[in-house]
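Please examine the fold of the protein shown here. The account is meant to be read with the model in view.

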Amino acid sequence: MLNEIRKLVSGIQFAETELKRLIRKNKMTGEGMIEQVFEITKNVLKFEPIFKKASMFGTRIEQREFFFRSDGELLKGVLINSSLEFSGNANGEETEEFNELFLTEDGKLKYFYTVHKFPDSRKHSLQHEVTRFEAHFDDEEIYYGSVIKSLSKMLRSRYQELMTRREIMLERLKDLDSVRIDVEEF
């Protein structure tokens, strides 16, 4: 029995040491890859101010309070991932809660916990309020591969949108050329 306990303790100590090493390696490798991806993509990503609180969310008269960087400038980022953590009635209000991950304009990943409240149970109403809290994730919880895949998907979608708009503009120019030819014939 004592030998079994010694083996288990030894196995646990090995597994804990190995897990710590893997977590460090994951963090170093992942952060390095995020940094590389950021350097490649920073000029085409659309960094927008990250808001802390919004009232009348989704309406024309929406009002927002923003997060600021330590230098006093607006904190800007790109939403990389949003996962629904809770949806239901809380304290008589329809509520949705999300974990959100942003890539900021300085290349850092920033986490937020965001709460949407719909007092009248309607998402698009004057009472729809959103509050975003800064959050922290353990290094074990970060899926760097998913972050990079999300960025890639976002870039692919943007590229397709731009190519579609380009094709529309080419068609419009072609149409204008045909009109100009018709006018010159008169």
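This is a predicted model: local features need pLDDT of at least 70, side-chain atom pairs count only at pLDDT 80 or more; totals for chains, interfaces and linings use all residues.

Residues are numbered from 1 along each chain as its sequence is written, and side-chain values use heavy atoms, with hydrogens and water left out.

The protein contains two helices and seven strands; here helices (H or I, at least four residues) and strands (E, at least two) are DSSP runs, numbered from the N terminus. Along the sequence these elements follow the pattern α-β-β-β-β-β-β-β-α. The radius of gyration of the protein is 25 Å, well over the 16 Å that the globule rule gives for 186 residues, so the protein is more spread out than a compact globule. That radius is taken over C-alpha atoms, and the globule rule is 2.2 Å times the number of residues to the power 0.38. The C-alpha trace spans about 105 × 45 × 35 Å along its principal axes.

Of the 186 residues, 24% count as buried, where buried means under 20% relative accessible area, exposed over 50%, and partly exposed in between (1.4 Å probe, protein chains only). Among contacts (heavy atoms within 4.5 Å) between residues at least 6 apart in sequence, 50% join residues at least 24 apart.

The seven strands form an open sheet in the order S1-S4-S5-S6-S7-S2-S3, with antiparallel pairing. Strand S1 (48-49) and strand S3 (63-66) stand at the edges, each with a single partner strand, so one side of each is left without a neighbour in the sheet. Two strands are said to pair if DSSP finds at least two bridges between them.

S1 pairs with strand S4 (residues 76-90) in the antiparallel sense over two bridges, and Glu48 stands opposite Gly77 in S4. S4 in turn is joined to S5 by 12 bridges, the two running antiparallel; Gly88 stands opposite Thr95 in S5. S4 and S5 form a hairpin with two residues between them, and Asn91 in the turn has a positive phi of about 55°.

Strand S5 (residues 93-104) pairs with strand S6 (residues 109-118) in the antiparallel sense over 10 bridges, with Tyr113 in S6 as the bridge partner of Asn99. The hairpin of S5 and S6 has four residues between the strands, and Gly107 takes a positive phi near 85° there. S6 also pairs with strand S7 (residues 129-135), again antiparallel, over seven bridges; in S7, Ala135 is the bridge partner of Tyr111. In a regular strand the side chains alternate between the two faces of the sheet.

The C-alpha atoms of Glu4 and Phe47 are separated by 56 Å, with the two residues 43 apart along the chain.
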